[in-house]
Amino acid sequence: MGNLRALSCFILLILVVFTTARPKSGPDQKCKSGPVDLVFLIDSSRSVRPHEFETMRKFMIDILNTLDIGLDSTRVGVVQYSSQVRNEFSLKTHSKLENMVKAINEIVPLAQGTMTGLAIRYLMNEAFSPGQGDRPKVSNVAVIVTDGRPQDRVAEVATEAREKGIEIYAVGVARADMTSLRAMASPPFEDHVFLVERFDLIHQFGLQFQDKLCGIDLCSESEHGCEHLCESTPGSYICHCLPGYRLNADGKTCSAIDLCAEGKHDCQQICISSPGSFTCDCNRGHQLNDDEKTCSPIDLCAEGKHDCQQVCVYMGPGFFTCDCNEGYRLNEDEKSCAPIDLCAEGKHDCEQVCVNMGPGIFTCDCNEGYRLNVDEKTCSPIDLCAEGKHGCEQVCVYMGPGVFTCECNEGYRLNEDEKTCSPIDLCAEGKHDCEQVCVNMGPGIFTCDCNKGYRLNEDEKSCSAIDLCAEGKHDCEQICVSAPGVFTCDCNKGFKLNRDKRTCTNMDMCNTVKHGCEYQCVNTPGSYHCICPEGQLLQEDGKTCGTCKSSNIDLVLLIDGSKSVRPQNFELVKKFVNQVVDSLDVSARGTRVGLVQYSSRVRTEFPLSMYHTAEDIKAAVLKVDYMEKGTMTGLALKHMLENSFSEAEGARPASHNIPRVGLVFTDGRSQDDISEYAKKAKEAGITMYAVGVGKAVEDELREIASEPVEKHFYYTTDFSAINTIAENLKLNVCPAESQGEVEVKDPCACENLVEFQQATMNSLDQLTQKLASMAARLEQLENQLLSRK
């Protein structure tokens, strides 16, 4: 045993040498600067392209490969952010490099905005907290990697983070803003701010970061050649040996000191060497005395130093043998004892069951359903039904020795207690095939019947409604409306039921109902229709009149009030809105207009129900205040669909078939997703127009616009040109006035004079056809009136 202890110590010392003092070199070299809590804060906004995000992954993995990862050395966490913050893994999550690399490779980018200030606050309050694995008195280091300009404030929260002791490195790529990077980073900026032109150059920061985090240590950075221990000195190093070893003449290798071989010991029997030391041991059958040098013979039984389970027999110095108590036998290991089980060995005369009562003892018993006879060895079967030992309410069925089951007479079923019986009500349990009414006739018996107004069919199960109308058992003059066993009378369209509830009288619809015709109501047999004065068209509601179909629409305008629009351009946007209003027939029964402004939030400026004249709407538009901030177009579309076109805000019911039109005006890319609510708006029957200026994204505008896209999508590079869009938009909203034209032309140009003449002739032809049609219709109405007289 002494030999084993010495060997274990030697192996442990060798492991310490090779795991802590041996230098590493090349690409696998690890940083040994001391324990650090390091968190990467990575920008995953939508501007970071997929291949650039992959470069960011590689950058983090390359940094990790240079660090000494472990819960007692360098801990690492990763947090990604865009418009929200998501913790990928905390400082306490992984203790092994391979697990961190796997987790980094599984990160899915958020692809939204760039809320860097929000992310730094999460870093300060959550990532570097004890609950997430932050250690007291260990340096906190954060590496922020971003490619864009923050959409929130970073200076104040970054200052607060630095005051809490977090050292911040800011790495900007491509489009990053140097002012924002300096606002985040710790001083001095030349050591903590890095700006690279492309993502594929980001590894340059990795090399500089390693130099900043890790000092140069010649023992760990060079091939020093020390066999055991290396001690760094300024510009050099010194080799040392572990205890029990002496440094050889080469100043690097070590030799173990063997005191046994050199005769420098006082052991009586055996000397066991270890580097620079020794221990004494004894021959077999003897034990080392308290002086740890001399030896005495061993009585293992008397000293209790044996492994016999029951009896130890002394056989000489250091020797013994084992034995067992009565009723037990020695096992093959010649140490433990096993009880003798006569039942298991078949050494008994029981008929059915042998019960072991202890080592070498047994008694007899019987299987369930049998009882032991007077001889206490044989068994007889038990018939519980015959003996009346059952408890069944109606029928006891013998199932074998000691076993029975209960049953019930016909028309009854066994209850859950499996002993008593209940009568079966097939009607109440729904176990019948009656169509309407089931009548219980006793246990397990039923008959069918029908509800009032129905009669039972020949199958005595199904029912048929008694149709008095079909059977001619009524006295209605025009229409008989049947219900099972009863009827009511009604009249044809244009007639009303008299007080006798049987006969009918013709009605003058225009004089007897609220027809709602704006201009004139014309009677027809049993009905009526509305007509308009010459030069006006009947609108889609079939009652009002207007110059074109657009004079009867619900229009909601969504205008971009983001910071990028700027105040002077926002005034142009309001003028654009008023140009659109000028092109519409605004009234309570004609066109209704609502206005919504959006930025980072959405605000209804006025709903569809508020104003009923163009002058009131234009005055309200000019009073709208500029919101500034972000561009949440998707949120605005959601607000329009769920609120602006609701009846509560003035939209007319869908049953009125009033066209619903939405117009979105924007100058830049949306910071949220527009796909879902752009699609839902069009599926809801809203005709969508998309107007873009400046940095507006054409793909987003086309996704918002209704089909055909080319007639519902407009774009100009300059705010000063949006008045042209307003004119074009007027033509598309009110196509009857423009004969399908999509751009404003100079009416004085030569080629346009020809087009104007052609358009005039076409309009005259159409007017002539309409007049002829109206004359024919008037003649038809006159003939109908004469025939009635």
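Modeller: Helices here are DSSP runs of H or I with at least four residues, numbered from the N terminus. Please bear in mind that this is a predicted model.

Colleague: Is Ala 678 buried or exposed?

Modeller: Ala 678 is found in helix α14, which covers residues 675–683. Buried means under 20% relative accessible area. Ala 678 has a relative accessible area of 2%, so this residue is buried.

Colleague: Which residues is Ala 678 in contact with, leaving aside its neighbours within four places in sequence?

Modeller: Contact means heavy atoms within 4.5 Å. With those neighbours left aside, the contacts of Ala 678 are Leu 637, Glu 703 and Ile 704.

Colleague: Is Met 315 buried or exposed?

Modeller: Met 315 lies in strand β15, residues 311–316. Together with Val 313 and Phe 319, Met 315 forms a nonpolar patch on the surface with about 280 Å² of accessible area. The limit for exposed is over 50%. Met 315 has a relative accessible area of 54%, and therefore counts as exposed.

Colleague: How many residues apart are Cys 343 and Cys 354 in sequence?

Modeller: Cys 343 and Cys 354 form a disulfide, with their sulfur atoms 1.8 Å apart. The torsion about their S-S bond is about -65°, so the disulfide is left-handed. Cys 343 lies in the loop between β18 and β19 and Cys 354 in strand β19, so the pair ties together parts whose separation in sequence is 11 residues.

Colleague: How many disulfides does a search of the whole structure find?

Modeller: A disulfide is a pair of cysteine sulfur atoms within 2.5 Å. Cys 517 and Cys 530, with sulfur atoms 1.8 Å apart, form one such link. For the whole structure, the search gives 22.

Note on methods
Residues numbered from 1 in each chain as written. Predicted model: local features only at pLDDT ≥ 70, side-chain atom pairs only at ≥ 80, totals over all residues. Heavy atoms only, no water. Helix = DSSP H or I, 4+ residues; strand = E, 2+ residues; numbered from the N terminus. Buried < 20%, exposed > 50% of the residue type's maximum accessible area, 1.4 Å probe, protein only. Patch = residues over 30% accessible without salt bridge, like charges linked within 9 Å, V, L, I, M, F, W, Y side chains within 5 Å. Areas by Shrake-Rupley, 256 points an atom, 1.4 Å probe, with all protein chains shown as cover. Salt bridge = Lys/Arg side-chain N within 4 Å of Asp/Glu carboxyl O.
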